[in-house]
Amino acid sequence: MASTTDHSSPMNRKRSATARSIDNGFVWGTAAVAIAVGLLLVAIALRVGTDALPAIQKFGLGFLVSNRWSVIDGAFGALTQIYGTLVTSFIALLIAVPIGVGVAIFLSEDFLPPRIKQPIVFLVELLAAIPSVVYGLWGIFVLIPFLRPVGIWLNANLGWIPLFSTAPAGPGIYAAGLVLAIMILPIIAAISRDAMVAVPAELRQAAYGLGATRWETIFQILLPAGFSGIAGGVMLALGRAMGETMAVTMLIGNSNTIDSFSILSQGSTVSSLLANQFAEAGGLQVSALMYAALVLFGLTLVVNVLAEIVVRRFSLKL
Amino acid sequence: MPAPDFATARRPGSLNRSPTSPRTLFASAMTVLSVLFTLLALIPLVAVLVYVVVNGLPRLDIAAFTQLPPAPGLRGGGFGNALLGTLLTVAIAAAISIPFGVVAAIYLSEFGRDTRLAEWVNFFTNVLSGVPSIVIGAFAYAVVVLTTGTFSAVAGGVALAILMLPTIVRTAAEALEAVPNDFRQAAIGLGATRMQTTLKIVLPAAVPAILTGIMLAIARAAGETAPVLFTASFSRYWNTTVWQPTATLSRLVFDFATAPYASQQQLAWTASLVLVALVLVTSILARLVTQRRRK
């Protein structure tokens, strides 16, 4: 690059205007790309929202409280699916939170020498790497045949409880909830473990010094101190569970009507509805599906933003 | 300060560990429980791996990789076109998401660090990584499939690119931030511009770590089904262009898992084995690379 500046004095060296503008252009260019990446989220919301507009105008908020999804009549309401999404996610959390936090405690304390502990930490992380569709395949051929007798027993012996009031047909809400639990467990375990490892050693030493046992220290010092991280991890896991599609679609039975509160019955979630109907949909149905996608987007957005805030606001300042 | 009077303590001799004291019993019980939970958590991993290997191995032959899917009821066949389709969609996704992701990461790490703008971009990227993949699929459907009027490998690639983007931005930004500041100061001190410093010094130093992140993102994307479900869709035939419905391994697993034909179910297991092997090998490689670098 030709330089027109005076080089006689070392203090007087300046870059040429072109060199400076190229450099500034580079910096601004990267900023522009960064902004574009950030705006992608907005673009997704806007585009899905625009395509959902006809359905939003036609059904309004009634979409959220109507349980009739009929392509033939052109009547669409997603209550069944929203219910399915919430119930399967709740079942998943109910199972995965205690186990995940238990795993996190076991793998953050010094129960095991690091040589054995590190591979286990890695194995738990690998659970998260297995593709969802593989869990679905495994669920169909292994988990459901295994669960079905359990479901039948629950129905036969505890059928008076509304939760178990229907005879299991194989796939169902309970199977989907269980596979979701398996899938979100590594998230909860990994994030909770990070949170507990980050608790300053002084707190632990002080507790031991005062005569607390290991588990008194864990329950009264480490868990409260790491609470924000654990809560954030649970929220992220909830968001993941609500949006998870393939394994749920393959295991939940995909019934678009629901007539009981039984977790043994078949159901559907917002994501399984999208997975089943999108490819063949046309006209108002596409718009209604986009509306459902928007609802799912909104649900996970709220959960994820809350998770971000919880982690940022309450994380330990070290 | 007088010495504590141990004789009048609530439990005399409490400095000795008593296995029957309630506190010790509670601690032991909780230890056993946490071991059980950890074992319980590992059962699904082992079970999935064992079943995928046992059921997938019998059809792991050359035909599986080179032939087209069998017609319903017929034996044999393979997932050659789906394997090609997965490579194609993932390549398109990588070609879109890597440049954008790395450039955005350069801003976040080199120029925007601690600015309000970078904070917002980080926040939005984090939230984007939590958007359900099926919603991203719906977005790609609206933007690409509705516009071009056909399911295509490009539509699938766009969906997967959006899915990969947050991972690439995050890992690349972390990799760039890990480059010691001495490098930047030395380069600036020698008279390099910010652009020269970034492109010739900082970025090359971070490339191995960035590649690790990209590898992980690609492996994850290859296993994702929901975004390609109604963007790349499916096909029983070989691809001639990127603008036609394209089969992917993950979609093939989904379709054939629910098919009533034994030969198709068999292929679903084998395709799963390929997907799982891909993801596991990448994860393990990435981990080995990171560990070696730490040492």
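In chain B, the loop between α3 (80-111) and α4 holds B:D114, with helices taken as DSSP runs of H or I of at least four residues, numbered from the N terminus. The model is predicted, so to speak of local features takes pLDDT of at least 70 and side-chain atom pairs count only at pLDDT 80 or more, while totals for chains, interfaces and linings use all residues. Residues are numbered from 1 along each chain as its sequence is written, chains are lettered from A and ligands numbered from 1 in the order in which they are written, and side-chain values use heavy atoms, with hydrogens and water left out.

B:D114 is not a glycine, yet has a positive phi of about 70 degrees. With a relative accessible area of 77%, B:D114 is exposed (over 50%; buried is under 20%, partly exposed in between, with a 1.4 Å probe and protein chains only). B:E119 sits in helix α4 (residues 116-130) and is partly exposed at 45%.

Another positive phi, about 60 degrees, turns up at the non-glycine B:S233. This serine is buried at 9%.

Over in chain A, A:S268 lies in the loop between α10 (246-251) and α11 (270-277) and is buried at 2%.

Terms used: Helix = DSSP H or I, 4+ residues; strand = E, 2+ residues; numbered from the N terminus.
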